[in-house]
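Please keep the sequence and the coordinates at hand while reading.

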Amino acid sequence: SLDNIAIKKAYVSLAGLTVHSIRSKVTRTFENYTKITPDIINEMAEENDSTFITPEGYTRVQAIRQEYRLDGKIEKSPIGAPTRVIEGNYLNIVIKEQYLKQLNDSFEQAEIKIEDSFCAARMDAEIILPPDARRNGCALVNIGADTTTVAIYKNEMMRKLVVLPLGSNNITMDLCSLQISRDEAEEIKITRGYKP
């Protein structure tokens, strides 16, 4: 409840058990050495968008461009480079269709327009991880109440996104199985579960 404040638009963070990533690639072969142009790169991205097969019951919310391979050699920025074969790699973020529908319905009922949506794990990494960590390779692990999100980074790009059905509530429930009340289990978890 916000007194005298009306929310008309919102930015939505997509997270939860149904979000994960799927890799795909698009290849172009030329008869002669051809200089790569922005048009070729955009056409490849459009081909990925049109040919990517989304798993049944899911919808794709984002396609993240990865590196390119020119005649087998990795290039982050291939524009201007001559090649006979270019392979573009993409990381497609998908989410359960039903989850997205329920989310959109909720905002519609509240009469709030969704201005934009984004992958929460990717935004978390952009804020939390220093550029050196993303470049050298690391994993961002976000332990929530019911899920744990793992985002793998290498060469400044997200390489894999997995959400595991395991969170801090599982620890609380394990303690409850020892005939401890939920409140006491929660307190034990918080106060004794971490040793510096």
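## Asn89 and its surroundings

Leaving aside its neighbours within four places in sequence, which residues is Asn89 in contact with? With contact meaning heavy atoms within 4.5 Å, the residues that Asn89 meets are Arg23, Ser24, Lys25, Ile64, Arg65, Gln66 and Glu67. Asn89 itself belongs to strand S5, which covers residues 82-96; helices (H or I, at least four residues) and strands (E, at least two) are DSSP runs numbered from the N terminus.

Asn89 counts as buried because its relative accessible area is 7%, where buried means under 20%, exposed over 50% and partly exposed in between, with a 1.4 Å probe and protein chains only.

## Basis of the model

This is a predicted model, in which local features need pLDDT of at least 70 and side-chain atom pairs count only at pLDDT 80 or more, whereas totals for chains, interfaces and linings use all residues. Residues are numbered from 1 along each chain as its sequence is written, and side-chain values use heavy atoms, with hydrogens and water left out.

## Leu161 and His20

Leu161 sits in strand S9 (residues 157-164) and is classed as buried because its relative accessible area is 1%. Not counting residues up to four places away in sequence, Leu161 touches Val19, His20, Ser21, Ile93, Cys119, Ala121, Thr149, Val150 and Ala151. Ala121 is 40 residues from Leu161 in sequence, and their C-alpha atoms are 7.8 Å apart.

His20, in strand S2 (residues 20-35), is partly exposed, since its relative accessible area is 22%. With residues up to four places away in sequence again set aside, His20 touches Tyr58, Asn92, Ile93, Val94 and Leu161. Between His20 and Leu91, 71 residues apart along the chain, the C-alpha separation is 9.9 Å.

## The chain as a whole

The chain contains six helices and nine strands, and 33% of its 196 residues count as buried. Among contacts between residues at least 6 apart in sequence, 62% join residues at least 24 apart.

The radius of gyration, taken over C-alpha atoms, is 22 Å, whereas a compact globule of 196 residues would have a value near 16 Å, the globule rule being 2.2 Å times the number of residues to the power 0.38. Along the principal axes, the C-alpha atoms fill a box of roughly 70 × 45 × 35 Å.
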